[in-house]
Protein chains: 2
Amino acid sequence: MKLGLAAWHRYMLDSDPDALDDLIADDAVFHSPVVHTPQAGRAKVLMYLTAAGQVFGNGTFRYVRELIDGPEACLEFECEMDGIAVNGIDLIRFDLEGRIVDFKVMIRPIKAMNKVWELMAARMENT
Amino acid sequence: MKLGLAAWHRYMLDSDPDALDDLIADDAVFHSPVVHTPQAGRAKVLMYLTAAGQVFGNGTFRYVRELIDGPEACLEFECEMDGIAVNGIDLIRFDLEGRIVDFKVMIRPIKAMNKVWELMAARMENT
């Protein structure tokens, strides 16, 4: 778990797609802040996390709080998008090999949620 | 911290306003899922948590995951509002006496966020 979390933080620094690929379990599930339906399977999780990395990777993103309990971590972040303050969490569960099996994102406030939705939708349409 | 968290869970079961009153520190801050501006001070925190208790207290609310790390807890919940599935977290920091000093709520997906906003606004207008 600690290895997995360290690998995630490393990925957030250098955005190496191969590193992300190694980090996601085959049966991983992604839970978007915007839609209810879980996105199951490594390919979909990679697609969402890559798009999120592009949308959030504007130089203002930083983790501000970290709760770790057993195989799970709650990482709170802050960033700015088009002048809007975005606050949210990555709620991540790792397997015994340190790979991500479950990744859930929540965003506040509502203005930020709408902005993330807009930018993510534009990004997903272009892929 | 464990005492504080136990007291919070007890309050969620019996909704005793006196118990909530004892649980909030004087300088506590509430961070709404909907608006950016923090609500500072015991009176405002009590007002928001009481309104939230009424909106979420429809018999479907349950905590489904709990991460505890030092003085902080991330409690994930699920409930239903007007047929809409609501998923969210209470991110709580306790002081050394087990009182709540910081309470942040996040909600997903966007449909649920809009529903919570609608119901909370109606509730706050009536108080």
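User: Before we go on, what are the ground rules for the model and the numbering?
Analyst: It's a predicted model, where local features need pLDDT of at least 70 and side-chain atom pairs count only at pLDDT 80 or more, while totals for chains, interfaces and linings use all residues. Residues are numbered from 1 along each chain as its sequence is written, and chains are lettered from A and ligands numbered from 1 in the order in which they are written.
User: OK, strands. How many bridges join strand 3 to strand 4 in chain A?
Analyst: Seven, and the two strands of chain A run antiparallel. Tyr63(A) has Phe77(A) in strand 4 as its bridge partner. They form a hairpin with two residues between them, and Gly70(A) in the turn has a positive phi of about 60 degrees. For the terms: strands (E, at least two residues) and helices (H or I, at least four) are DSSP runs numbered from the N terminus, and two strands pair if DSSP finds at least two bridges between them.
User: And what about strand 4 with strand 5 of chain A?
Analyst: Antiparallel again, over ten bridges. Ala73(A) is partnered with Ile92(A) in strand 5. This hairpin also has two residues between its strands, with Asp82(A) in the turn.
User: What's the phi of Asp82(A)?
Analyst: Positive, about 50 degrees, although Asp82(A) is not a glycine. Most residues other than glycine have a negative phi.
User: Is Asp82(A) buried or exposed?
Analyst: Exposed, with 9 other C-beta atoms within 10 Å. The scale is 12 or fewer for exposed, 20 or more for buried, partly exposed in between, with C-beta atoms placed from the backbone.
User: Switching topic: which peptide bond is cis in chain A?
Analyst: Arg108(A) to Pro109(A), with omega near -15 degrees. Pro109(A) is in the loop between strand 6 (100-108) and helix 4 (110-125). In chain B, the bond from Arg108(B) to Pro109(B) is cis too, with omega near -15 degrees.
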